[in-house]
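Subject: Structure handover

Hello,

My notes on it follow below.

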Amino acid sequence: MEREKINMRPEILAPVGNREALEAAIAAGCDAVYFGLPVFGARAYAKNFSLEETEEIIKKCHLLNIKVYITMNTVIFEDEMEEAYALAKRLHEMDVDALIIQDLGLLHLLHHRLPDLVLHASTQLSVSKPNMIEKLKQLGVQRVVLARECTMDEIRACVETGMEIEVFIHGAICICYSGQCYFSSVRYDRSGNRGMCAQPCRMPYTLYQDNALVGKELYYLSPKDLSLIDQVKELEEMGVVSLKIEGRMKSAAYVYESVMQTKSVLDNKFRSKQDIEDLMVTFNRGYTKGHAYKMSGYDLMNPQSCNHQGINIGKVIGKRNGRLVLQLKHELNQNDGIRIGKDLGCHVNYLYDKKGKLTSHIPAGSVCEIKGPKQAKVGDTILKTTSVLVNEKVEKRIKETNRQIQLNASIVCDGVGSPLICKIYDQNIKVEVISKDVASQAQNRALDEVTIKKQFNKTKDSFASFASINVDIPSNIFFTISSINELRRNALEMFKSKKLKKRPIKEIDYVYKPPVSKTDRNIYEVMTPDKKMDTKDLWVCETDQSKGNITSLKGDVLPHLGKTQIIDGMNVTNSWAIAALLEMGYQQVVLSDENKLENISNIMNSFKERYGFDAPVLVCIYQHRRLMTMNHCVINTALKDGKRKNCSLCHQHEFKLKGKDKKSVICLGDRDCHLRLYDEILSDDIAQIASLKTMGIKNFKAVFLNESLREIQSVINRIQSLKA
């Protein structure tokens, strides 16, 4: 049946970075959880679970009808693919519900070898258009996690492809298109595509125009947090299958509140002001409805701070006896965490009323005193960043909540000398258990329906409870209470075993042979069409659409899975990914800049050994490394209104962002106002052409950002002399 016809509610997908967050997600009512392992997950610094813990979690969740998705969403190098495949197979054997994957090579290999393993395409693949989804169907993908830059219309169009669509609805967002950020990799040797992002987007910068300061130090690249909790009914009506909450490194309180409040809205309940504040105090950088609702400028960004904002509860109005005097507009409790001004903070270990008397609670509208940082100034704002009451509330609810699935039971007995027969079942599973004892003739009080139901409802510590219990027994029989309890325990244990029974996995040999590419061209990419030169090589430029951007539907070269012959931008780091793109009909592939020479050599050797011909790849050997591609304009926001209409400032002047390390990045927008950041340092690897040729690489790419025609000609002459 089609999803709309059976009116399924979308699943609430919760992040669980540790055991406490897992228990919070379950208690709050999630439908699915996702987390990573110590390897191949895009949160390398989270407290990831071991394989043993993962198997235990899968069993626990499956008993409660909660799905488990594992993130294997990093790019994978050639010498890692065997390990990645073995891990995916082991997770499949554990009965994982799906793997969330970025790497096209891993998707390709798993599709061909483990056909029953459910594959979800990670948001790291930057999918925003239906044609991209159609390509991923060729790799056996059953669900796509859309790019967070998608508008509601784009989400709707993607749903109409028939693919399961998952959408982020709450939590942190990257300002760069996911999977398209190399800032951390280039500047800090910590690849975001490998789960080690140093978060340069959360650092302060100053803005320069033509080398003159035009913007003071701000967090120009730091967006607010996404929150679409109040809009989830619209996504439900649209047909979105899964509502995803970000936060594998967030607290249990954050997970509980975000899941619980999402469920509440889906259940047509109203979020109170207290609910909203309780969620805000767990973590927020200010909220935005994001690209889904076409937010831009300061509606999208928070340039003043990259930190947790909590809730504003008052300000410093004085100092007395070594204490700070606060005027509160919101309650404050002992052991709350607060931030004072921009950078100072403390826990409220000691709280005094306006008379200087120790207390544990100060109501809104009151004056109080605390022991705080001496550097605090009169007029500083006070933000509550942790709430002891919220944390205690969540801990209490987790402790008191015993989530169970609902089963039905039927208990019958034919009479004296016959056993009790118990059947328990749900929509999918049915088991039957027969008591060890047989009925005796009742001497005093006979067994009755009330007694049986009372004993069968003693499931407080079990994974299940009974929605209905039907009893059909004669009026003259007797069983001991212990016999009835044993029957209940045995029936539930049998049901549990059947529910957790693992299906045998299907593994087949890899026999795919990709077609030999018919395309053999170098690529010279320029930023403006007037700098093209007349050669037999492929010249591409975004202004004439021969080089498509992150959302283009077609072009001679595209950075995504659109209508083109040459793919440049899909983070290809292994030979299997090249095969995947050839399988989808592409002809040439630009290898990712994430590759070092050793990995390029491994890719080329493995591809030729497996398929019998040289991989049709290009390597970029001259460029200012692209660091980010974003659906936001720093320049227009800082110097105009943030609406990005009739601007073109970035093509009239040279703009740079300079960090505290005094290093700069070049800012330049494409024709659709996607701002790109480029490294100011030129990467000239033309001398590597000789080594690359010995690996079987015949074609190369060069990117010209601001070079003159003479400089371009000089670079091309160098390339041609070494390529010959």
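Start with two helices. Tyr-254, Glu-257, Ser-258 and Gln-261 in helix 10 make contact with Asp-275, Ile-276, Asp-278 and Leu-279 in helix 11. Sorted by class, this contact between helix 10 and helix 11 holds 3 nonpolar, 2 polar and 3 charged residues. The two axes, of helix 10 and of helix 11 (residues 273–280), lie 9 Å apart, at an angle of about 145°. Helix 10 and helix 11 cross in a left-handed sense. Please keep in mind that the model is predicted.

Next, the core. The largest nonpolar core has 213 residues, and the members that touch the most others are Val-33, Leu-104, Leu-221 and Leu-677. Helix 10 (residues 252–266) comes up again here: it supplies 9 residues, the largest share of this core. As a rule, nonpolar side chains in soluble globular proteins tend to be buried together.

Now the cysteines. The disulfide count is 0, with a cut-off of 2.5 Å between sulfur atoms. Two cases may be of use to you:

- Cys-541 is in no disulfide, and the nearest cysteine sulfur belongs to Cys-650, 13 Å away. Cys-541 has a relative accessible area of 0%, so it counts as buried.
- Cys-633 is also without a disulfide; its nearest cysteine sulfur is that of Cys-647, at 5.7 Å. Is Cys-633 buried or exposed? Cys-633 is buried, because its relative accessibility is 9% and the cut-off for buried is under 20%.

Last, Tyr-611. This residue lies in helix 16 (residues 597–611). Its relative accessibility is 8%, so Tyr-611 is buried. Which residues does Tyr-611 contact, apart from neighbours within four places in sequence? They are His-108, Tyr-510, Tyr-512, Lys-513, Pro-514, Trp-576 and Ala-579. Take Pro-514 from that list. Pro-514 and Tyr-611 are 97 residues apart in sequence, yet their C-alpha atoms are 7.3 Å apart in space.

That is the set from my side.

Best wishes

Methods: Residues are numbered from 1 along each chain as its sequence is written. This is a predicted model: local features need pLDDT of at least 70, side-chain atom pairs count only at pLDDT 80 or more; totals for chains, interfaces and linings use all residues. Side-chain values use heavy atoms; hydrogens and water are left out. A nonpolar core is a set of buried Ala, Val, Leu, Ile, Met, Phe, Trp, Tyr and Cys residues joined through side-chain atoms within 4.5 Å. Buried means under 20% relative accessible area, exposed over 50%, partly exposed in between (1.4 Å probe, protein chains only). Helices (H or I, at least four residues) and strands (E, at least two) are DSSP runs, numbered from the N terminus. Axes are lines fitted to C-alpha atoms, for helices over the stretch in contact, and angles run from 0 to 180 degrees between N-to-C directions. A crossing is left-handed if the near helix is turned anticlockwise from the far one by less than a right angle, and right-handed if clockwise. Contact means heavy atoms within 4.5 Å. Ala, Val, Leu, Ile, Met, Phe, Trp, Tyr, Cys and Pro count as nonpolar, Asp, Glu, Lys and Arg as charged, and the others, Gly among them, as polar.
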